[in-house]
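Please look over the structure shown below. This report walks through its sheet and its disulfides.

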Amino acid sequence: MADGLSLVELSIVLVILGLLVGGVLTGQSLIRAAELRSITTEFEKYQAAVHTFRDQYFALPGDMTNATAFWGTMSSGTCPGATGGAGTETCNGNGNAILDQAPANGQASEEFMAWQHLANAGLIEGSYTGVSGSGSTAHSIIGTNVPRGKISSTGWSFIYTGTVANPADPAWFVGDYGQLLQIGAQSGVNRTGEVAFKPEEVWNIDTKMDDGRPGYGSVKTTKFSHLPCPTTDDPATAEYNLANSDIVCNVKIT
């Protein structure tokens, strides 16, 4: 018998290797597709939790004016400028139906207390501090003051933006936003708005949940001049930049 592989044996080996590589790539694609579907599931879960909380406590989580009556007052500092507490301890909100930022870095914030109140009420999993990170009054720290997303290295943040009327705004499309949820990677100084998705992935999410347009509807992303996820800064003409296969997008859902 000759040493080495015959042409037939070598062909069989190459076919097997091709099948293995193809199987791995297919498996990775299926895993990513499942991860992207989880965004819709998570958003709906958090949306339902907020609605249930309002029905139960007659207030928006984080904004409720009598939260300390249920869960105690933060022991570190004086609310609303407290810097933390033990267990469920929290601060009261101001009742204006908006999740406001903290008075200063590292202090209690309605947009972070919202996650704390939802967890205190048993409506979401986890335990959250209710306090902004040291980077800014809106500094999200995944797993500490905001929940982790199912997709690795992502987290969810509440944002109140209201109406954006200035076309020259560097990051936001013109439109009505109000209170929204944003999912993305962690920032060193801000909310979870760092890029975590490809344009095609956000287009897929947007098409299933909304209208498939990056500057219109309930699902949006950041303007082109800030991140090259959409094709233009005009919501009337912007499309997802499907030719770009880089990670350049975050997701905002109202």
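What follows covers the sheet, the helix beside it, and then the disulfides. The model is predicted.

**The sheet**

Start with the strands. Strands of a sheet pair through backbone hydrogen bonds, either parallel or antiparallel.

Strand β2 spans residues 175-185, and strand β4 spans residues 251-253. Three bridges join β2 and β4 in the antiparallel sense. Within this part of the sheet, Gln 182 stands opposite Lys 252 in β4.

**The disulfides**

How many disulfides does the structure hold? There are two. A disulfide is a covalent bond between the sulfur atoms of two cysteines. With the bonded cysteines numbered in sequence order, the pairing reads 1-2, 3-4.

| Disulfide | S to S distance | Torsion about the S-S bond |
|---|---|---|
| Cys 79 to Cys 91 | 1.8 Å | about -80° |
| Cys 229 to Cys 249 | 1.9 Å | 95° |

Take the Cys 79 to Cys 91 link. Its torsion is about -80°, so this disulfide is left-handed. Cys 79 and Cys 91 each lie in the loop between α2 (67-71) and α3, twelve residues apart. Is Cys 79 buried or partly exposed? Its relative accessibility is 26%, so Cys 79 counts as partly exposed. The cut-off for buried is under 20% relative accessible area. Cys 91 has a relative accessible area of 0% and is therefore buried.

Next comes the Cys 229 to Cys 249 link. With 95° about the S-S bond, this link is right-handed. Cys 229 and Cys 249 each sit in the loop between β3 and β4, 20 residues apart. Cys 229 has 0% relative accessibility, so Cys 229 counts as buried. Cys 249 also has 0% relative accessibility, so Cys 249 counts as buried.

**Putting it together**

The loop between β3 and β4 holds Cys 229 and Cys 249.

Technical notes. Residues are numbered from 1 along each chain as its sequence is written. This is a predicted model: local features need pLDDT of at least 70, side-chain atom pairs count only at pLDDT 80 or more; totals for chains, interfaces and linings use all residues. Side-chain values use heavy atoms; hydrogens and water are left out. Two strands pair if DSSP finds at least two bridges between them. Helices (H or I, at least four residues) and strands (E, at least two) are DSSP runs, numbered from the N terminus. A disulfide is a pair of cysteine sulfur atoms within 2.5 Å. Buried means under 20% relative accessible area, exposed over 50%, partly exposed in between (1.4 Å probe, protein chains only).
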